[in-house]
Structure formats: C-alpha cells, structure tokens
Amino acid sequence: MQPVVILDCFTVEPSGLGVPPYLSTYVRNAWSALRRARPDADVRYVTIDDVRWCLAGGEPTVEPPLSDRLTYSTTVNRDNAVQLLRDAEIVLVIAGDAVPSVHLHAVNGSFEEVARALACARGRRYLLGPLSTYAVDSPAQYAGLFDAVHTHTVTSGDLLLGSRRPADYEQMRRERDSFVGLVDQMPWRSIAELELYRGCTRRKFCDFCNEPAKSPLVAFREVDDVMEEAAQLYAAGIRNFRLGQQTCFFSYRHRDEDAIRALLSGIRERCPELEVLHIDNADPLAVAAPVGLRIAKLVADFCTEGNCAPMGIESFDPAVIERNTLTCTPEILVRAVENVNTAGAARGPGGLPMLLPGLNLIYGLPGETHGTHVANLRGLARIFDAGLLCHRTNVRQARAFPGTPLAALGEQEPLPSAEHFASWKADIDHTWDQPMKQRVYPTGLRVPGLHSYFVSAEGTYWRRLGSYSIQVVERGTVVPLGTTGDLVVTGHSPRMIFGERVASAS
C-alpha cells in the first residue's frame, strides 16, 4: 500500500499560527481530506524538520545538549521521511508565511527547501497554505513544482484538481473524523488552533491586511460545529486549545454574547480536563465597545490564565491611520486596553493575569515619517502612564501580500523605517516592553506549571503552552526538555524574563 504524505513546512498568518506545537487548521484539513479521498491509505504526517534530519545524514546541525531549531519538531517518521516522500502516491505540502516571523525553536520551510524535498517525491504533489497565494501570483516561479494548488482549503472532491475558494464549513464538517492517527505521529504536546470564521467584519479594510483578499465575505461557523471539532481533538488526546485563525474573537457572530458564552462553556463541558483555553486576535473597535467589556469578562471567566487578546493599532500616527484605512484611533485603543484590563487583569491561581491585551505595531506603511515613531512612543507611554497592563507587543515591518491595496501600490520609495527599523524597535523594547515585563511579572513572582522546551548557550528556556506565552530563561543551565517546574522571576529583558527554579518534577 502506497502511503500518502502531509509535508508540513509550517505557516504563519496574521490570523493564525501553524508552527509546532501549534496544530494548524491546514494540517487537520489535509488529514481529513486525504483520509476521505484514500480511506485505505496510510496517511503520514512529516515535517520539514524530518526532511532536514534525513538530508543531513541523521544528525542535528548543532552539538547536543544545545537544541537544534532546524530539526526541533521531528515526528515519529523522522528516520524514514525521505523514503516516505519517494514512496508516496500523494504529497500534500502545507507552507507559507503571510507575515514575517522568527521563532526560537523553529525555522519555517523556505521555497528552496520545499523544492528540494519535492525532488524526492515521485507521486503527485499538491500545495495548501499561504504559499499558494504566491504560487498563483507568480506561476512562472512555481512552474512544474505542483500538480495543483489549493489557496484556502482542500477536500476529498477537489484534491486532484486544485481550488481557489474555501470549502463550505458544512462540507468540511462532513469530511472531518478522528484525529487520533494524526496526533499519535506528533511526539510533542500540541495546542490546537480552532477557526471560528473567515473574513473581516469591519466595513472598511486595512490596506495591508491579507484577510479581506483571502476571504472577501464573512462566513461564521456554527457553535456546535466548533465544539464538535474540539471534542474530536480532545478524544485524540489534545488538552490545549486556542480559538484563533480569525480576525477577531470578539466579533464572532457579530459580537453575539450568547453565542460566545455557549461556545466557551460548551468547550469546557466537552473537554473537562483541558489544560489551556486561550483566544487570539481582537479588533480594538469591537473590544472598546460596551459589549466588548462584557465579552472580555466571559473570556476571563471561562478561559485559562495567561491569556492574550492581541489588538492591531498598527500606528499611533493619524496620517498613517488615515492613509491606510486603519480606522482604529489611539483613543479607541486606550478604551479597548482599559476594557481588557478591567475584565482580566486579576491574577489566576498560577500567578498570571487571566486576560491581558497585546499590541501590534507595523512600520513601513504609506504615510510614514520620522514623526510616526515619535507618535508611537507617545501612544505607548500614555498606556503605560495610565497604569495599565499589556501581555506582549509585536513590532514588525509591513509586507505587501498579493491582492491587498498595499501590494497594488507596487514598488515605492523607501520609507524612514527601512533605515531605522532596528533602532526604532530597540526604543520600544527598552522604553515600553521591558518596563511592562517588570510590571506584569514582578521580581519574586512565582510562576508554576512551566516546562523546559529549549536549550541555548544562554541557558534553558521554560514556558507554558498558550497564546504568546512568556519565556522564562534559567541562565547557565542545561535541563532535559519536557521537565516541569516552578520558577521565581529574577530579572527582565524586552522579550523574555529570567528565573530560578524553586520546585520541579520530571
């Protein structure tokens, strides 16, 4: 029997994450479609890290005990990954970054690596994920690499043909079955990303965002459909969930409090021993409204602590806001941050706030001047001086995604951030990020329930699973990965905190 292979090269989008330990919607969609299309086939899950391991002769790229980010997420198929590609009737590649991303423990598969992996394949080859948009936009570059491309989803019916539109949620529900065989191939503890809807509920779309280009129309999943998928994942051994892969959790079913309450309480009921229930993505326009405060309270009540509601102000500069149809003003953002703090700043039993806001800033948008950076620093200072808490801040440069108004502008004259981004980001790191870390994670705070997950020359990195979970570095140590323990905070930096172990158990 020929195997069929899912080759996961990892994905990153504004609305969702597909880098292990995150179990992406694309991987599960591919698993369901292949099982329906080939019910008697042996469906194998292989990562780009498995392929790297084989092509490197079965050796890591760094000397142990240091962790190797190029081969960190290898599966049970690690030692025969290349042979599986050779023998496979079908190889379904999942790949693509819609936004820039850097991970401590992972390197997403590049175009060159995808091509090299597929050179090993003799069967039919298909593509799913954000990379597909680039393949459609630049067909000459991808000519001969794939037999068909799927830009959104794949089903058993369109697998061989390719697709340019997402499948109906009901059709995907009918194809979905058990995930036991998929999860069993992953030696790590996964956190499953659950999609609630497609598209953006705003009347005007931000010029840089890929979501309206990807899904022009809003389509919501039914509450019972989401709960059913969560239960299927739970039955497969998943205990960690994030309600992500959509533009705004608060806007689910047009800010329907009853639907959101039913969703959160239903997942809790069907997954009684879950360890993490978090959200991702929040439109500050929705969060700042009175209903936003009530929804934030539901999240704080039903979800687990350490949760984050990331919100895109993108820029505090009025000129950039107007030029790029960003719609969220600094005043709206402050109200949204206040609402989340009111609902979720109280600390849970593990010492972390139940729910805090996250902030997203983008440099390189049209209209930017040197004054843009000054406006950003002043806007952040206003939030800090108000005594509010923030979980994390993501500062990145704009990327023109095919199909967006930003991409339609074509090549533009370099903006100031092209030269100054590194120093501007350092300003935010040291005047905002690090002082905020000291406020949220004060020295002496005991953080229980951490697990070691990466070893570098600096020491051992610890975290909990969850949305943008804080990294705690135990300097100068080499701790076996997967060790559990409690750490006490001893110091801070802009992107992480430092700690010492006070209790542990293997």
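His451 has Thr484 as its bridge partner in strand 19. The model is predicted, and local features require pLDDT of at least 70, side-chain atom pairs pLDDT 80 or more, while totals for chains, interfaces and linings use all residues. Residues are numbered from 1 along each chain as its sequence is written, and side-chain values use heavy atoms, without hydrogens and water.

Strands (E, at least two residues) and helices (H or I, at least four) are DSSP runs numbered from the N terminus. Strands count as paired if DSSP finds at least two bridges between them.

| Partner of strand 16 | Sense | Bridges |
|---|---|---|
| Strand 19 (residues 484–492) | antiparallel | four |
| Strand 17 (residues 459–463) | antiparallel | five |

Val455 stands opposite Thr460 in strand 17, and a hairpin of two residues links strand 16 to strand 17.

Elsewhere, helix 13 (residues 290–302) packs on helix 15 (residues 330–344) at an angle of about 35 degrees, with axes 8 Å apart; axes are lines fitted to C-alpha atoms over the stretch in contact, and angles run from 0 to 180 degrees between N-to-C directions. In this contact (heavy atoms within 4.5 Å), Leu293, Ala296, Lys297 and Ala300 of helix 13 meet Asn339, Thr342, Ala343 and Gly344 of helix 15. The residues of this contact comprise four nonpolar, three polar and one charged, with Gly counted as polar.
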